[in-house]
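Subject: Structure handover

Hello,

Here is the structure for you to look over. My notes follow below it.

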Amino acid sequence: MKITFLTLFPEMYEGFINTSIIKRAIAKNAIELECVNIRDFTKDKYGRVDSAPIGGGAGLIMKCQPIIDALNSVKTENSHVILMSPTGTTFSQYIAHQYTHYEHLIIICGHYEGVDSRIEKYVDECVSIGDYILTGGELSSMVIADAVIRLIDGAISEGSIVEETFENGLLEYPQFTEPYDYNGDTVPDILFSGNHEAIAKWRQKQSLKLTREKRPDLFNKYTLTKKDQKLLNEIDNNETGKWEIDAISKGHKFIKRN
């Protein structure tokens, strides 16, 4: 898969491309990233890529000619073109998965007060990462690219993707590391029980609890199973399920106390 960024500030991508998972994905040839400088395509005799909005208004608007010419220089019949725009569809994990099916993503990054609206005729969709204002589309384009790249085969281990927040419609369960006791705050004993079935059940219970408390919008969209409902009943009644008590009891020798 290839992702092309059309931007006025390609230097903003240096850290993104050369760090951590993204760098490793590129080294493994799982992904190809390309930055195209829109400024290289301007035909303005002064080298400008923006001008004041026609009809008046604050700030500067990016001209359509440099952007469209930059786009045409990299676009193929297999390209899917995205314009970062506050009017666009809000990006989500579902959309990230959809993008992995494209051979080539092109992400156009506006800047200043926005872009000439005629550019929208040349793109496949407009996308936003949320209801707030950034100085340009570069940061949001990196958010999208990061979310997509980590889903590409070979970028990270498959197991790391399966049990993540939003992948199954719920927030991820709490995670812990050593030590067992830190300033009196201990790791749940069930995680030391050695009972993988009970641990998975506890994690699902915690995901349900967290999602209902912190993201009711997600929880209301989630389809509860009979097992989920039983776990929620335990939560509502402040009960520790017999399955959890038995797992901890049988695995007591594995539970750390220091």
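Start with F5, whose bridge partner in β6 is I107. That contact is one of 5 bridges between β1 and β6, which pair in the parallel sense. Two strands count as paired if DSSP finds at least two bridges between them. Strands are DSSP runs of E with at least two residues, helices are runs of H or I with at least four, and both are numbered from the N terminus.

Before the rest, the ground rules. This is a predicted model, in which local features need pLDDT of at least 70, side-chain atom pairs count only at pLDDT 80 or more, and totals for chains, interfaces and linings use all residues. Residues are numbered from 1 along each chain as its sequence is written, and side-chain values use heavy atoms, with hydrogens and water left out.

The sheet

The sheet is open and has 5 strands. Their order is β2-β1-β6-β5-β7, with parallel pairing. β2 (32–37) and β7 (125–128) are the edge strands; each has a single partner, so one side of each lacks a neighbour in the sheet. Neighbouring strands are turned by 30° against each other on average, direction ignored. Those angles use axes that are lines fitted to C-alpha atoms (for helices, over the stretch in contact); angles run from 0 to 180 degrees between N-to-C directions.

β6 covers residues 104–108. How many of its residues are buried? 5 of the 5, so β6 is largely enclosed by the rest of the structure. Buried means under 20% relative accessible area, exposed means over 50%, and partly exposed is in between (1.4 Å probe, protein chains only). H104, I106 and I108 point one way from the strand. L105 and I107 point the other way.

β5 also joins β6, in parallel, through 5 bridges. There, S79 has H104 as its bridge partner. β5 spans residues 79–90 and is joined to β7 by 5 bridges, again running parallel. M84 has V127 of β7 as its bridge partner.

Aromatic pairs

Back to F5. The whole structure holds 5 aromatic pairs. One of them is F5 with F16, edge-to-face, at 6.4 Å centre to centre and 85° between the planes. Rings of Phe, Tyr and Trp (its six-membered ring) pair if their centres lie within 6.5 Å; planes under 30 degrees apart are stacked, over 60 edge-to-face, and the rest tilted. The pair links distant parts of the chain: F5 sits in β1 (residues 2–7) and F16 in helix α1 (residues 14–17), 11 residues apart. Both F5 and F16 are buried. With Y13, they form one aromatic cluster.

Salt bridges

Side chains of opposite charge can pair when their charged atoms come close. A search of the whole structure gives 10 salt bridges. The criterion is a side-chain nitrogen of Lys or Arg within 4 Å of a carboxyl oxygen of Asp or Glu.

- D236 and R212 meet at 2.6 Å, N to O. D236 lies in helix α9 (residues 226–236) and R212 in helix α7 (residues 196–214), so the pair ties together parts that are 24 residues apart in sequence. D236 is partly exposed at 48% relative accessible area, and R212 is partly exposed at 29%.
- R118 and D116 meet at 2.6 Å, N to O. R118 is partly exposed at 49%, whereas D116 is buried at 16%.
- D50 and R48 meet at 3.1 Å, N to O. D50 is buried at 9%, whereas R48 is partly exposed at 38%.

Surface and one contact

M12, Y132, L134 and L139 make a nonpolar surface patch of about 370 Å². Patch residues have over 30% relative accessible area and no salt bridge; like charges are joined within 9 Å, and nonpolar side chains (Val, Leu, Ile, Met, Phe, Trp, Tyr) within 5 Å. Areas come from the Shrake-Rupley method with a 1.4 Å probe; for residues, only the protein chains shown count as cover. L134 is in the loop between β7 and α5 (138–149). L134 is partly exposed, at 35%.

Last, I248 in helix α10 (residues 242–250). I248 is partly exposed at 22% relative accessibility. I248 and D189 are 59 residues apart in sequence, but 6.6 Å apart in space, C-alpha to C-alpha.

Best wishes
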